[in-house]
Amino acid sequence: MTAEIVPLRKASGAPEASIDAMLGLTASGLNAVNAVILDRMQSEIPLIPSLAGHLISGGGKRLRPMLTLAGAELVGYQGTRHYKLAAAVEFIHTATLLHDDVVDGSEMRRGKAAANIIFGNPATVLVGDFLFSRAFELMTEDGSLKVLKILSSASAIIAEGEVAQLTSQRKITTSEQRYLDIIGSKTAALFAAASRIAAVVAECSDAEEQALDDYGRNLGIAFQLVDDALDYSSDAAEMGKDRGDDFREGKMTLPVILAYARGDAEERKFWEAAILGHRTSDEDLAHAVSLVERHDCVTATRDRARHFAQRAADALSIFPDGKAREAMVEAAHFAVARGF
């Protein structure tokens, strides 16, 4: 992965990017996926569905399972196997969010109190484990070793990415390439797997499998880049989490990496202290935001996201034009343009 900046923008006068086309394309399929999710999150232990439902029903975009459903539409798959697999993808994603909130000590998720705040860390971790187990149960029911390999490999890569991020935390020397490698693992791997399995169940060619993998992977990178930009440019109500969480946790995201690289000696001293956890007050956050704005780092981060979103769209060029392809291309533009 590279960090080349290219001036890719929608045509002047074009409507704002939206995910509505993707939602319309996958609406009926999402109903089937949600039915699987609701069924498989049940347990005789009441705390499990209560805690899992707190996050699963908490207003998430369901973007990852949508990628599986949209990919199936793109390649003309007529079966139903992808419904359980899309549910497995969502369970993997939800489990990682539950674990992440414990690791990060997060207080908000999707605009409300995080599960770990309400239910405690031990219960949150264990329910995350339960959802991982449910995901693998759904995979084995599908019966495809190839699907199992893709999703299990993605799960391992996500964990590696999270550990890599943990070891890079509070390290001001983290490079842009190191950062891209981390988000390629912790975020983009599941986007890629979710997209690719649609081609597998439809028994597509290797080239089509790879194209959907490339689409998901580049979309995931673009999505995470914008997420990290939003931490310095949106308020909590828009993001559904506390503004400045990344800043206070000492995460070396691209806006910080760029602000540090572009800053003068005094600014660099501030960033060094802040990333080490010595400057974390509201005033310090406001100063950090001002430095990010001064050096246009949010715009630069979105420019990089736009580059990866265009790569995602280009990956679909081997497929015939149609509603599915148009919706997936629009979703790539939305990943960059969104404010939440």
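Me: Where is the kink in helix α1 centred?
Reply: In this predicted model, helix α1, spanning residues 20–40, has a kink of about 60° that is centred on Ala-27.

Me: Which residues of α1 are buried?
Reply: The buried residues are Met-22, Leu-25, Thr-26, Gly-29, Leu-30, Val-33, Val-36, Ile-37 and Arg-40.

Me: Why might residues three or four places apart point the same way?
Reply: An α-helix has 3.6 residues a turn, so residues at that spacing point the same way.

Me: What do the buried residues of α1 pack against?
Reply: They pack against α2 (47–56), α3 (63–74), α4 (81–104), α6 (121–142), α10 (206–230) and α17 (323–337).

Me: Changing topic, how many cavities of 30 Å³ or more are found in the whole structure?
Reply: The search finds 1 cavity of that volume. The largest cavity holds about 90 Å³ of space.

Me: Which residues line the largest cavity?
Reply: Among them are Gln-165, Tyr-179, Ile-183, Lys-186, Asp-228 and Met-252. The lining divides into 4 nonpolar, 5 polar and 3 charged residues.

Me: And which element gives the most to that lining?
Reply: Helix α8 does, with 4 residues.

Me: Which residues touch the most other members of the largest nonpolar core?
Reply: Met-22, Tyr-215 and Trp-271 do, in a core of 108 residues. Met-22 is also one of the buried residues of α1.

Me: What is Trp-271 in contact with, leaving aside its neighbours within four places in sequence?
Reply: Trp-271 is in contact with Ile-172, Phe-247, Val-256, Ala-259, Tyr-260, Ala-288, Leu-291 and Val-292.

Technical notes. Residues are numbered from 1 along each chain as its sequence is written. This is a predicted model: local features need pLDDT of at least 70, side-chain atom pairs count only at pLDDT 80 or more; totals for chains, interfaces and linings use all residues. Side-chain values use heavy atoms; hydrogens and water are left out. The bend at a residue is the angle between axes fitted to the seven residues ending there and the seven starting there. Helices (H or I, at least four residues) and strands (E, at least two) are DSSP runs, numbered from the N terminus. Buried means under 20% relative accessible area, exposed over 50%, partly exposed in between (1.4 Å probe, protein chains only). Contact means heavy atoms within 4.5 Å. On a 1 Å grid over the protein atoms alone, a cavity is a set of points where a 1.4 Å probe fits but cannot get out, and a pocket is an open set with protein on both sides within 12 Å along at least five of seven lines; lining residues have an atom within 4 Å of a point. Grid points are joined across faces, edges and corners, and a volume is the space filled by probe spheres set on the points. Ala, Val, Leu, Ile, Met, Phe, Trp, Tyr, Cys and Pro count as nonpolar, Asp, Glu, Lys and Arg as charged, and the others, Gly among them, as polar. A nonpolar core is a set of buried Ala, Val, Leu, Ile, Met, Phe, Trp, Tyr and Cys residues joined through side-chain atoms within 4.5 Å.
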